[in-house]
Amino acid sequence: MSEPSSGQAGGHQQDKAGFETRAIHAGWEPDPTTGAVIPPIFTTSTYKQDGVGGLRGGYEYSRSANPTRTALEQTVAALELGERGFAFASGLAAEDTLVRATCTPGDHVVIPDDAYGGTFRLFDKVEKPWGLDYTTAPVADTEAVAAAIEPGRTRLVWLETPTNPLLGVGDIEALAAVAHDAGALLVVDNTFASSYLQQPLTLGADVVVHSTTKYAGGHSDVVGGALAVRDADLAERLAFHQNSIGAVAGAFDSWLVLRGLKTLAVRMERHCDNAEAVVAFLEGDPRVAEVIYPGLAAHPGHEVASRQMKRFGGIVSFRHASGEQAALDACGRAEVFTLAESLGGIESLIEHPGRMTHASVAGTSLEVPADLVRLSVGIETVDDLLADLDQALG
Ligand code: P1T
């Protein structure tokens, strides 16, 4: 097929407009026919050809490209300051497509020893039987990551920063150097920080991964994933695999994520404000044994996070001083914080990683503490959030 213009960063990336301007204007010019300011949801599977092979704008079939998805892909690229973006049906679909585009059976990858449970399950239960070997390493320890690399065999060094759910911080610049020295690519899952707080491609990363289900979509109404890259050859490989595997974002899902991204900057500022207030409240509470947040000066990754993140994000984890049952009870008692998996939406969520999002890592090196509670701090009235936590802690 002839390549559609899909996924190339739009003009607002090239002219280096501000983040908010790119979020609102990249990927779409008002429609020349109608003046539509917002991209329509192109609910079409196929496109009329003007004679065989005469594609209009490169559109042939909606697995290959769809104009609503193109608008999202261009926006993702523009926000990450990459050359090209790709949108998928979920974060895990984006991850799997990336792995298959960059690795072959017999290769090796380094993955975090603290990561989303579903990401670990993908490597352990799907990619490993396919023939891809992995070693886990703590992202906060650059030397440990370097030691886990097998030069000549390691294709990817995979990073989450901050990690899910323990909020470990990896030094993107240092890890990019370590990966590149060994001929590997540095992949950064930027879901927790969002494109607004951190732009890994500008720090040397080769690929950015998002679960757009989270802050990008921002309203807990869509499941999606995205990739952004700088290198044109890698982009071509990803485009080929995206089309060949076919785990693409549908038009309506693309539209929802695109709409979410337009307000990402203002939402993230409020998420950060509210998270800071929650941290201050929990820090002073004897029912809490430990508050984990990269914005705390005592957090081991605070200095690195201060360098590579604009602010410290909306996720706060804490350990209940009275153990696992007390942590479970707190999750059950919360009212304004909804007991649910996922994160990054406007509403506050509370969950028990050990029994919920990270149940699939039980018994592995990624197992999380049983007394751990994870909060996705939303943008509600902050006093209501603090009062709810106060009653939930018991
Ligand atoms: O759920 P999905 O859109 O497929 O994205 C997977 C994923 C990838 N990376 C990170 C850092 C994630 O947090 C996730 C999904 N996480 C949750 C559902 C959760 O509650 O932690």
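Predicted model: local features only at pLDDT ≥ 70, side-chain atom pairs only at ≥ 80, totals over all residues.
Let me start with the domains.

Now the pockets. The largest pocket has a volume of about 400 Å³. Its lining is made of 24 residues, and those nearest the centre are Leu 166, Leu 167, Gly 168, His 299 and Pro 300. Why does the largest pocket lie between the two domains? Domain 1 and domain 2 both give residues to the lining, so the pocket lies between them. Strand E8, residues 288–292, gives the largest share of that lining, with three residues. By class, the lining of the largest pocket holds 14 nonpolar, five polar and five charged residues.

The second largest pocket has a volume of about 340 Å³. Which residues lie nearest its centre? They are Tyr 116, Asn 164, Ser 211, Thr 213 and Lys 214, out of 21 lining residues. Helix H4, residues 91–102, gives the most to this lining, again with three residues. The second largest pocket also lies between the domains, because domain 1 and domain 2 both give residues to its lining. The classes here are six nonpolar, nine polar and six charged.

Asn 164 is joined to Pro 165 by a cis peptide bond, with omega near 10°. A cis peptide bond also joins Thr 161 and Pro 162, where omega is about -10°. Where are these prolines? Pro 162 is in the loop between strand E4, residues 154–160, and helix H7, residues 172–181. Pro 165 is in the loop between E4 and H7 as well.

There is one more backbone point. Ser 220 is not a glycine, yet its phi is positive, about 55°. Look for Ser 220 in the loop between strand E6, residues 207–211, and strand E7, residues 225–229.

Helix H3 covers residues 67–79 and helix H10 covers residues 251–262; their axes come within 8 Å and cross at roughly 35°. The crossing is left-handed. On the H3 side, the residues that meet H10 are Thr 68, Arg 69, Ala 71, Leu 72, Thr 75, Val 76 and Leu 79. On the H10 side they are Ala 251, Ser 254, Trp 255, Val 257, Leu 258 and Leu 261. This contact has nine nonpolar residues, three polar and one charged.

Some of those names come back when we turn to the cavities. How many cavities of 30 Å³ or more does a search of the whole structure find? It finds three. The largest cavity holds about 60 Å³ of space. Among its lining residues are Val 76, Leu 79, Val 257 and Leu 261, and each of these also takes part in the contact between H3 and H10.

Gly 217, His 219, Asp 221, Leu 256, Arg 259 and Gly 260 form its lining. That lining divides into one nonpolar, three polar and two charged residues.

The last item is another helix pair. The axes of helix H11, residues 264–283, and helix H14, residues 382–392, come within 10 Å and cross at roughly 35°. This crossing is right-handed, whereas that of H3 and H10 is left-handed. From H11, the residues in the contact are Asn 274, Ala 277, Val 278, Phe 281 and Leu 282. From H14, they are Val 382, Leu 385, Leu 386, Leu 389 and Asp 390. Eight of the residues in this contact are nonpolar, one is polar and one is charged.

That is all from me.

How values were computed: Residues numbered from 1 in each chain as written. Heavy atoms only, no water. 1 Å grid on protein atoms, 1.4 Å probe; cavity = no way out; pocket = protein on both sides within 12 Å on 5 of 7 lines; lining within 4 Å. Points joined across faces, edges and corners; volume = space filled by probe spheres on them. Helix = DSSP H or I, 4+ residues; strand = E, 2+ residues; numbered from the N terminus. Nonpolar A, V, L, I, M, F, W, Y, C, P; charged D, E, K, R; others polar. Domains from an automatic or database assignment. Axes fitted to C-alpha atoms, helices over the stretch in contact; angles between N-to-C directions. Left-handed = near helix turned anticlockwise from the far one by under 90°. Contact = heavy atoms within 4.5 Å.
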